[in-house]
Amino acid sequence: MKQIFLVEDDQAIAKNLIRLLRSEGFSVIHASTRSDALAALIGNKFDLALIDISLPDGNGFTVCTEIKAKQDVPVIFLTASGDEASVVTGLNMGADDYITKPFRPRELIARIGSALRKGGRLGSTFEIHGLYVDTASSIVKKNGTEVFLSALEYRLLLVFVNNPKSIITRGQLLDELWDAAGEFVNDNTLTVYIKRLREKIETNPARPQIILTVRGTGYRLGGDADVSK
């Protein structure tokens with residue numbers, strides 16, 4: 001089980017984030033101040049840190065520096081402002097990503113998954129029914145032949161790759177795809193994109209084996225996927 005280090009002083013936000021992260025299969029250690037965060041670094045190993053930039057006894061930048069000095073883990077900053085200077089400062093101090101409050105829960109989970117994969121903490125290759133996906137290099141192959149997907153089609157495929165055991169509702173897919181490649185996706189066009197993706201990755205798109213329809217709910221991956229680093 002991957003362990004997330006959450007540094008957030010707003011107790012209501014922290015409570016909701018802890019509930020969200022645990023529902024996604026992560027364990028969470030929470031600190032609400034800079035001093036508590038530095039103390040928690042002693043004796044704990046983390047896979048990723050979520051750090052609020054504004055803390056009551058300092059800022060998240062120093063926490064990021066301490067974490068990076070002690071553990072080689074991805075850091076994602078949580079910021080309530082769109083202050084470009086703060087974002088640049090955070091990235092220059094070694095942060096891997098940032099997300100501005102308020103954010104969509106699925107977007108945060110996607111960012112966490114991406115950071116873990118880039119850090120080698122999640123499997124980077126995925127195989128199912130002759131489909132091979134290397135998320136580190138963004139290469140997709142079907143029966144050994146490279147498949148070329150649009151940015152939106154690839155993002156759609158990643159939603160399933162990142163949730164291999166879950167039924168994904170159409171609403172969840174729309175949340176994930178709302179800004180992909182700058183294209184507008186609604187419930188009708190989602191059906192079109194699912195069809196296009198199936199035409200590229202399924203052996204027989206009329207009888208899909210990879211992306212299965214769950215009537216009245218959404219979609220899920222079929223069969224057992226092989227995920228490896």
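## Phe126 and strand E8

Phe126 lies in strand E8, which spans residues 125-128. This is a predicted model. With a relative accessible area of 2%, Phe126 falls under the 20% limit and is therefore buried.

Asp52 belongs to strand E3, made up of residues 48-52. An unreviewed UniProt entry places the feature "modified residue: 4-aspartylphosphate" at Asp52.

The relative accessibility of Asp52 is 4%, so this residue counts as buried.

Strands of a sheet pair through backbone hydrogen bonds, in either a parallel or an antiparallel manner. Here, three strands make an open sheet with antiparallel pairing, in the order E12-E14-E13. Strand E12 (168-169) and strand E13 (211-214) are at the edges. Each has a single partner strand, so one side of each is left without a neighbour in the sheet.

E12 and strand E14 (residues 218-221) run antiparallel and are joined by two bridges. Thr169 has Gly218 in E14 as its bridge partner. Packed on the sheet is helix H6, formed by residues 151-162. Helix H6 touches E12, E13 and E14, and its direction makes about 65° with that of E14.

Technical notes
Residues numbered from 1 in each chain as written. Predicted model: local features only at pLDDT ≥ 70, side-chain atom pairs only at ≥ 80, totals over all residues. Heavy atoms only, no water. Pairing = 2+ DSSP bridges. Helix = DSSP H or I, 4+ residues; strand = E, 2+ residues; numbered from the N terminus. Contact = heavy atoms within 4.5 Å. Axes fitted to C-alpha atoms, helices over the stretch in contact; angles between N-to-C directions. UniProt positions renumbered as here; feature names shortened; annotations may be inferred. Buried < 20%, exposed > 50% of the residue type's maximum accessible area, 1.4 Å probe, protein only.
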